[in-house]
Amino acid sequence: MELELAGADLKAVLNRLRRAQGQISGVIRMIEEGRDCEDVVTQLAAASHALDRAGFAIIATGLQQCVTGIESGRKSGEDSEQMRERLEKLFLSLA
């Protein structure tokens with residue numbers, strides 16, 4: 001299944017990934033500076049949340065494209081059950 005992100009979807013995912021990147025850099029800097037554990041964990045949780053949101057946005061876009069592909073009959077040799085299993089695996093990877 002090929003994922004195509006464009007327009008607003010692409011911008012939203014990239015913004016979330018950049019936010020996570022900045023937060024991870026912040027966590028590294030905080031650890032290097034010997035900052036308070038609570039502050040580090042709070043920042044790390046924020047980075048994790050941003051990555052999760054980006055992952056869910058990518059999966060949601062993939063689902064939309066898969067459904068559109070199935071409805072229009074443009075399947076790439078993959079039956080509905082195989083596609084469902086792959087999508088389930090993707091969702092579980094973020095759980």
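**View 1. Q23 lies in helix α1.** Helices here (H or I, at least four residues) and strands (E, at least two) are DSSP runs, numbered from the N terminus. The model is predicted: local features need pLDDT of at least 70, side-chain atom pairs count only at pLDDT 80 or more, and totals for chains, interfaces and linings use all residues. Residues are numbered from 1 along each chain as its sequence is written, and side-chain values use heavy atoms, with hydrogens and water left out. Q23 counts as buried because its relative accessibility is 15%; buried means under 20% relative accessible area, exposed over 50%, and partly exposed in between (1.4 Å probe, protein chains only). Q23 touches Q43, A46, A47 and A50, when residues up to four places away in sequence are not counted. Contact here means heavy atoms within 4.5 Å. A polar atom of the Q23 side chain lies 3.4 Å from the backbone nitrogen of A47.

**View 2. A57 sits in helix α2 (residues 37-71).** Leaving out residues up to four places away in sequence, A57 touches V13 and R16. The C-alpha atoms of A57 and R16 are separated by 9.5 Å, and these residues are 41 residues apart along the chain. A12, which lies in helix α1, is 45 residues from A57 in sequence and 8.1 Å from A57 in space, C-alpha to C-alpha. A12 counts as partly exposed because its relative accessibility is 29%.

**View 3. L10, L14, L17, I24, I28 and L51 make a nonpolar surface patch of about 440 Å².** Patches are made of residues with over 30% relative accessible area and no salt bridge; like charges are joined within 9 Å, and nonpolar side chains (Val, Leu, Ile, Met, Phe, Trp, Tyr) within 5 Å. Accessible areas come from the Shrake-Rupley method with a 1.4 Å probe, and for residues only the protein chains shown count as cover. Helix α1 (residues 7-32) gives the most to this patch, with five residues. One of the patch residues is L10, placed in helix α1. L10 is partly exposed, with a relative accessible area of 32%.

**View 4. E33 and R35 meet through their side chains in a salt bridge (3.9 Å, N to O).** A salt bridge is a side-chain nitrogen of Lys or Arg within 4 Å of a carboxyl oxygen of Asp or Glu. Side chains of opposite charge can pair when their charged atoms come close. The structure holds one salt bridge. E33 is exposed, with a relative accessible area of 52%, whereas R35 is partly exposed, at 42%.

**View 5. The whole protein has three helices and zero strands.** Along the sequence the pattern is α-α-α. Of the 95 residues, 21% count as buried. The protein exposes about 6,700 Å², and carbon and sulfur atoms supply 55% of this area. Among contacts with a separation of 6 or more, 68% are between residues 24 or more positions apart. The average pLDDT, the predictor's confidence in each residue from 0 to 100, is 79 for the protein, and 75% of the residues score at least 70. Confidence is highest in α1, at a mean of 89, and lowest in helix α3 (residues 80-93), at 74.

How values were computed: A polar contact is a pair of N or O atoms within 3.5 Å; within protein, one must be able to donate a hydrogen and the other to accept it, and residues adjacent in sequence count only if both atoms are side-chain atoms.
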